[in-house]
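Hello,

Here is the structure I promised to pass on. Please open it and keep it beside this email as you read.

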Amino acid sequence: VGKLVSATLGTQCVAGRLVVVRAGDGSAAAVRKACLAAAATLRATHVKKVLLFTSLVNVAPGGFRAATVAFAEATYVYSTTLSKGKTRHLKHVVVVQPESAGIEAELVQAQALVSGIELAKEWANRPANHATPTMLAEAASKLGKMKHVRVEVLGPKEVAELGMGAFMAVAPGSDEPLRFIVIRYNGGTKQQAPVALVGKGITFDTGGISIKPAPEMDEMKFDMGGAAS
(Lines give C-alpha, C1' and ligand atoms only; values in the text may rest on other atoms or scores of the structure.)
Protein backbone atom coordinates (compact mmCIF):
# COMPACT_ATOMS: atom_id res chain seq x y z
CA VAL A 1 0.00 0.00 0.00
CA GLY A 2 1.30 3.46 -0.88
CA LYS A 3 3.68 2.27 -3.61
CA LEU A 4 3.25 4.44 -6.67
CA VAL A 5 4.40 5.32 -10.14
CA SER A 6 4.23 8.85 -11.51
CA ALA A 7 4.29 10.02 -15.13
CA THR A 8 4.17 13.39 -16.89
CA LEU A 9 1.63 13.33 -19.72
CA GLY A 10 1.79 14.91 -23.16
CA THR A 11 0.32 18.23 -24.17
CA GLN A 12 -2.75 16.59 -25.76
CA CYS A 13 -3.94 15.32 -22.39
CA VAL A 14 -5.89 17.68 -20.13
CA ALA A 15 -4.15 16.33 -17.03
CA GLY A 16 -0.50 17.29 -16.69
CA ARG A 17 0.48 14.39 -14.47
CA LEU A 18 -0.75 10.87 -13.75
CA VAL A 19 -0.06 9.16 -10.44
CA VAL A 20 -1.01 5.52 -9.95
CA VAL A 21 -1.01 4.42 -6.31
CA ARG A 22 -1.60 0.99 -4.79
CA ALA A 23 -4.55 1.13 -2.37
CA GLY A 24 -4.46 -2.45 -1.08
CA ASP A 25 -7.80 -3.80 0.07
CA GLY A 26 -9.57 -0.45 -0.37
CA SER A 27 -10.12 0.00 3.36
CA ALA A 28 -10.25 3.53 4.74
CA ALA A 29 -6.79 3.08 6.28
CA ALA A 30 -5.30 1.81 3.02
CA VAL A 31 -6.91 4.58 0.94
CA ARG A 32 -5.61 7.16 3.40
CA LYS A 33 -2.06 5.81 3.12
CA ALA A 34 -2.29 5.76 -0.67
CA CYS A 35 -3.55 9.34 -0.88
CA LEU A 36 -0.87 10.60 1.49
CA ALA A 37 1.76 9.01 -0.76
CA ALA A 38 0.19 10.55 -3.87
CA ALA A 39 -0.07 13.98 -2.28
CA ALA A 40 3.60 13.87 -1.29
CA THR A 41 4.61 13.53 -4.95
CA LEU A 42 2.40 16.45 -5.97
CA ARG A 43 3.42 18.87 -3.24
CA ALA A 44 6.45 20.22 -5.08
CA THR A 45 4.61 20.57 -8.40
CA HIS A 46 2.15 23.24 -7.19
CA VAL A 47 -0.83 21.23 -8.45
CA LYS A 48 -4.09 23.13 -7.91
CA LYS A 49 -6.61 20.42 -8.76
CA VAL A 50 -6.63 16.65 -8.25
CA LEU A 51 -9.04 14.19 -9.88
CA LEU A 52 -9.34 11.02 -7.82
CA PHE A 53 -10.22 7.88 -9.85
CA THR A 54 -10.89 4.71 -7.86
CA SER A 55 -12.51 2.46 -10.47
CA LEU A 56 -9.77 -0.20 -10.12
CA VAL A 57 -10.43 -0.82 -6.43
CA ASN A 58 -13.52 -1.36 -4.30
CA VAL A 59 -13.35 1.46 -1.79
CA ALA A 60 -14.78 0.49 1.60
CA PRO A 61 -17.19 2.76 3.52
CA GLY A 62 -15.28 5.71 4.90
CA GLY A 63 -12.62 5.48 2.20
CA PHE A 64 -13.59 8.63 0.32
CA ARG A 65 -13.78 10.57 3.56
CA ALA A 66 -10.30 9.31 4.46
CA ALA A 67 -8.98 10.25 1.02
CA THR A 68 -10.25 13.82 1.23
CA VAL A 69 -8.89 14.34 4.74
CA ALA A 70 -5.54 12.83 3.68
CA PHE A 71 -5.10 15.29 0.80
CA ALA A 72 -5.97 18.18 3.11
CA GLU A 73 -3.54 16.96 5.76
CA ALA A 74 -0.70 16.51 3.27
CA THR A 75 -1.08 19.99 1.79
CA TYR A 76 -1.79 21.99 4.96
CA VAL A 77 0.49 24.97 5.56
CA TYR A 78 0.57 27.51 8.39
CA SER A 79 1.15 31.10 7.33
CA THR A 80 -0.85 33.36 9.66
CA THR A 81 2.06 35.02 11.44
CA LEU A 82 4.77 34.46 8.83
CA SER A 83 5.94 37.45 6.79
CA LYS A 84 6.83 35.16 3.89
CA GLY A 85 4.46 32.33 4.56
CA LYS A 86 3.94 29.45 2.17
CA THR A 87 0.60 29.08 0.44
CA ARG A 88 -1.48 25.98 -0.17
CA HIS A 89 -1.57 25.35 -3.89
CA LEU A 90 -4.07 22.48 -3.93
CA LYS A 91 -7.55 24.02 -4.04
CA HIS A 92 -9.82 21.21 -5.28
CA VAL A 93 -10.10 17.45 -4.93
CA VAL A 94 -12.66 16.01 -7.35
CA VAL A 95 -13.87 12.44 -6.84
CA VAL A 96 -14.78 10.63 -10.08
CA GLN A 97 -16.94 7.61 -9.27
CA PRO A 98 -19.76 6.05 -11.36
CA GLU A 99 -21.63 4.71 -8.31
CA SER A 100 -22.10 7.74 -6.08
CA ALA A 101 -24.47 6.26 -3.50
CA GLY A 102 -23.26 7.21 -0.06
CA ILE A 103 -20.22 9.06 -1.34
CA GLU A 104 -21.78 12.52 -1.15
CA ALA A 105 -22.50 12.06 2.55
CA GLU A 106 -18.88 11.02 3.13
CA LEU A 107 -17.61 14.08 1.28
CA VAL A 108 -19.83 16.39 3.34
CA GLN A 109 -18.43 14.78 6.49
CA ALA A 110 -14.90 15.14 5.12
CA GLN A 111 -15.37 18.86 4.47
CA ALA A 112 -16.59 19.32 8.03
CA LEU A 113 -13.66 17.31 9.41
CA VAL A 114 -11.10 19.27 7.43
CA SER A 115 -12.65 22.56 8.50
CA GLY A 116 -12.54 21.58 12.17
CA ILE A 117 -9.07 20.01 12.06
CA GLU A 118 -7.55 23.01 10.34
CA LEU A 119 -9.21 25.44 12.75
CA ALA A 120 -7.60 23.51 15.61
CA LYS A 121 -4.24 23.44 13.80
CA GLU A 122 -4.45 27.17 13.18
CA TRP A 123 -4.75 28.01 16.87
CA ALA A 124 -2.33 25.34 18.08
CA ASN A 125 0.34 26.56 15.67
CA ARG A 126 0.03 30.21 16.63
CA PRO A 127 2.66 31.57 19.02
CA ALA A 128 1.26 32.39 22.47
CA ASN A 129 1.12 36.15 21.87
CA HIS A 130 -1.20 35.48 18.93
CA ALA A 131 -3.30 32.94 20.86
CA THR A 132 -4.09 34.59 24.17
CA PRO A 133 -7.09 33.37 26.21
CA THR A 134 -9.06 36.41 25.01
CA MET A 135 -8.23 35.72 21.35
CA LEU A 136 -9.11 32.06 21.73
CA ALA A 137 -12.43 32.98 23.34
CA GLU A 138 -13.22 35.36 20.47
CA ALA A 139 -12.53 32.59 17.94
CA ALA A 140 -14.75 30.20 19.88
CA SER A 141 -17.54 32.77 20.10
CA LYS A 142 -17.72 32.91 16.31
CA LEU A 143 -18.72 29.23 16.34
CA GLY A 144 -21.87 30.31 18.18
CA LYS A 145 -23.26 31.51 14.86
CA MET A 146 -23.50 27.91 13.67
CA LYS A 147 -26.74 25.98 13.86
CA HIS A 148 -27.40 24.19 17.18
CA VAL A 149 -24.21 25.68 18.69
CA ARG A 150 -24.12 27.86 21.79
CA VAL A 151 -20.94 29.35 23.23
CA GLU A 152 -20.45 30.62 26.76
CA VAL A 153 -17.27 32.40 27.81
CA LEU A 154 -16.55 32.83 31.53
CA GLY A 155 -14.16 35.45 32.88
CA PRO A 156 -12.34 35.75 36.23
CA LYS A 157 -15.50 36.80 38.13
CA GLU A 158 -17.66 33.90 36.89
CA VAL A 159 -14.84 31.40 37.45
CA ALA A 160 -14.39 32.64 41.04
CA GLU A 161 -18.11 32.26 41.71
CA LEU A 162 -17.89 28.63 40.59
CA GLY A 163 -15.04 27.99 43.02
CA MET A 164 -12.57 26.89 40.34
CA GLY A 165 -9.58 27.35 42.64
CA ALA A 166 -7.02 25.27 40.71
CA PHE A 167 -7.80 27.06 37.47
CA MET A 168 -7.58 30.45 39.17
CA ALA A 169 -4.25 29.49 40.76
CA VAL A 170 -2.69 28.77 37.36
CA ALA A 171 -3.93 31.98 35.73
CA PRO A 172 -1.69 34.43 37.69
CA GLY A 173 1.27 32.96 35.80
CA SER A 174 0.31 35.36 33.00
CA ASP A 175 -0.69 39.00 32.69
CA GLU A 176 -3.44 37.86 30.33
CA PRO A 177 -6.85 37.43 32.00
CA LEU A 178 -8.25 33.89 32.07
CA ARG A 179 -11.14 32.69 29.98
CA PHE A 180 -13.12 29.47 30.46
CA ILE A 181 -14.88 28.42 27.26
CA VAL A 182 -17.96 26.19 27.07
CA ILE A 183 -19.30 25.14 23.67
CA ARG A 184 -22.61 23.28 23.51
CA TYR A 185 -23.95 21.47 20.48
CA ASN A 186 -27.63 20.57 20.76
CA GLY A 187 -28.27 18.94 17.39
CA GLY A 188 -28.65 15.33 18.50
CA THR A 189 -31.85 13.45 19.16
CA LYS A 190 -33.50 13.39 22.58
CA GLN A 191 -32.67 9.69 22.85
CA GLN A 192 -28.93 10.31 22.58
CA ALA A 193 -26.93 10.57 25.79
CA PRO A 194 -24.85 13.75 26.07
CA VAL A 195 -21.11 13.60 25.37
CA ALA A 196 -18.70 15.88 27.21
CA LEU A 197 -15.18 16.65 25.98
CA VAL A 198 -12.76 18.48 28.27
CA GLY A 199 -9.49 19.86 26.90
CA LYS A 200 -6.68 21.64 28.71
CA GLY A 201 -6.49 25.17 27.35
CA ILE A 202 -3.27 26.56 28.79
CA THR A 203 -2.17 28.84 25.94
CA PHE A 204 1.51 28.61 26.96
CA ASP A 205 2.97 26.24 29.55
CA THR A 206 5.28 28.36 31.70
CA GLY A 207 5.64 25.71 34.43
CA GLY A 208 9.36 25.14 35.17
CA ILE A 209 10.27 27.54 32.37
CA SER A 210 13.64 28.28 33.99
CA ILE A 211 14.79 24.66 33.57
CA LYS A 212 13.17 23.82 30.25
CA PRO A 213 15.65 23.23 27.39
CA ALA A 214 15.53 25.96 24.74
CA PRO A 215 15.13 23.65 21.68
CA GLU A 216 11.74 22.42 22.91
CA MET A 217 10.51 25.75 24.30
CA ASP A 218 8.31 26.46 21.29
CA GLU A 219 6.34 23.27 21.92
CA MET A 220 4.90 24.74 25.13
CA LYS A 221 2.32 26.57 22.98
CA PHE A 222 0.71 23.20 22.21
CA ASP A 223 -0.71 22.89 25.73
CA MET A 224 -3.93 24.32 24.36
CA GLY A 225 -4.08 21.71 21.57
CA GLY A 226 -6.62 19.62 23.46
CA ALA A 227 -8.92 22.58 24.00
CA ALA A 228 -8.45 23.69 20.36
CA SER A 229 -9.45 20.24 19.16
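This is a predicted model: local features need pLDDT of at least 70, side-chain atom pairs count only at pLDDT 80 or more; totals for chains, interfaces and linings use all residues.

Residues are numbered from 1 along each chain as its sequence is written, and side-chain values use heavy atoms, with hydrogens and water left out.

Start with helix α2, residues 63-75. Helices (H or I, at least four residues) and strands (E, at least two) are DSSP runs, numbered from the N terminus. Helix α2 has 13 residues and reaches 19 Å from its first C-alpha to its last. That is close to the 18 Å expected at 1.5 Å a residue; the expected span is 1.5 Å times one less than the number of residues.

Is α2 largely enclosed or open? Eleven of its 13 residues are buried, so the rest of the structure largely encloses it. Buried means under 20% relative accessible area, exposed over 50%, and partly exposed in between (1.4 Å probe, protein chains only). Among the buried residues are Phe64, Val69 and Phe71. Their cover includes α1 (28-42), β3 (49-53), β4 (92-96) and α3 (103-125); contact means heavy atoms within 4.5 Å.

Now the rings. The structure holds one aromatic pair. The rings of Phe167 and Phe180 have centres 5.7 Å apart and planes at 65°, so the pair is edge-to-face. Rings pair if their centres lie within 6.5 Å; planes under 30 degrees apart count as stacked, over 60 as edge-to-face and the rest as tilted. Phe167 is in helix α6 and Phe180 is in strand β6, 13 residues apart.

Last, look at His148. Its phi is near 70°, a positive value in a residue other than glycine. Most residues other than glycine have a negative phi. His148 lies in the loop between α4 (133-142) and β5 (149-154). At 38% relative accessibility, His148 counts as partly exposed.

Best wishes

Methods: Rings of Phe, Tyr and Trp (its six-membered ring) pair if their centres lie within 6.5 Å; planes under 30 degrees apart count as stacked, over 60 as edge-to-face and the rest as tilted.
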